[in-house]
Amino acid sequence: MTDQHNRTCGRPTRSGNPCKVRISGSDVACGTHATEQDKAVAEAHRRGWSEGYKSGSESSASFSKSRIERLEQRVKELEEQLDDAKRVYEIDGHQVVDVGGYAYRWRGSTPLEVGDRVLVPENYVSRMKNGPGPTLGVVSKLGTTYRGPLSDIVRRAPATGG
């Protein structure tokens, strides 16, 4: 077996001795001794190797992408299961809802629904963004997985007239 990194041409020179020019890759002879057929075979080999490498890389990338998508979907499913297991909808007899990513308690007599407009109490961020006073929000989820203290919703906001 010939060492691929230390191959020499080996074709006979004018003196009859083997050519000692190093060759690499797909070449079967040095530039001086290679025939048109040798050059065509070497080029076909290079092209086939390149196309095979590209095809393998694309296949690997496609497989990796689909695996990532499956894992992300599985993580989402598990997060939803965990959320469902830990989500509470009432605390101390009062409804709990999500507004803008934060949990609030609703003490009103009629339960809130997703999409209801409400006024939530001012906090330091809302004061900087919207000025003093309650801020308009929309109920995005019923219940919460948050276990800390909750602020109360000030009141329902009037429905938008159209």
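A: In this predicted model, Asp-152 forms a salt bridge with Arg-107, with the closest N and O atoms 2.7 Å apart. Asp-152 belongs to strand β8, while Arg-107 sits in the loop between β5 and β6 (117-120), so the pair ties together parts that are 45 residues apart in sequence. Arg-107 is partly exposed, at 46% relative accessibility.

Asp-152 also meets the side chain of Arg-105 in a salt bridge, at 2.7 Å from N to O. Here, too, distant parts of the chain are linked: Arg-105 is in strand β5 (residues 102-106) and Asp-152 in strand β8 (residues 151-152), 47 residues apart. Arg-105 has a relative accessibility of 14%, and it counts as buried because this value is under 20%. Asp-152, at 28%, is partly exposed.

Another salt bridge joins the side chains of Glu-36 and Lys-39, at 3.9 Å from N to O. Both residues lie in helix α1 (residues 36-86), where they are three residues apart, about one turn of the helix. Glu-36 has a relative accessible area of 61% and is exposed, whereas Lys-39 is partly exposed at 40% relative accessibility.

Salt bridges also form a network, which links Asp-27, Glu-43, Arg-46 and Arg-47. Across the whole structure, a search finds eleven salt bridges. In general, side chains of opposite charge can pair when their charged atoms come close.

Conventions
Residues are numbered from 1 along each chain as its sequence is written. This is a predicted model: local features need pLDDT of at least 70, side-chain atom pairs count only at pLDDT 80 or more; totals for chains, interfaces and linings use all residues. Side-chain values use heavy atoms; hydrogens and water are left out. A salt bridge is a side-chain nitrogen of Lys or Arg within 4 Å of a carboxyl oxygen of Asp or Glu. Helices (H or I, at least four residues) and strands (E, at least two) are DSSP runs, numbered from the N terminus. Buried means under 20% relative accessible area, exposed over 50%, partly exposed in between (1.4 Å probe, protein chains only).
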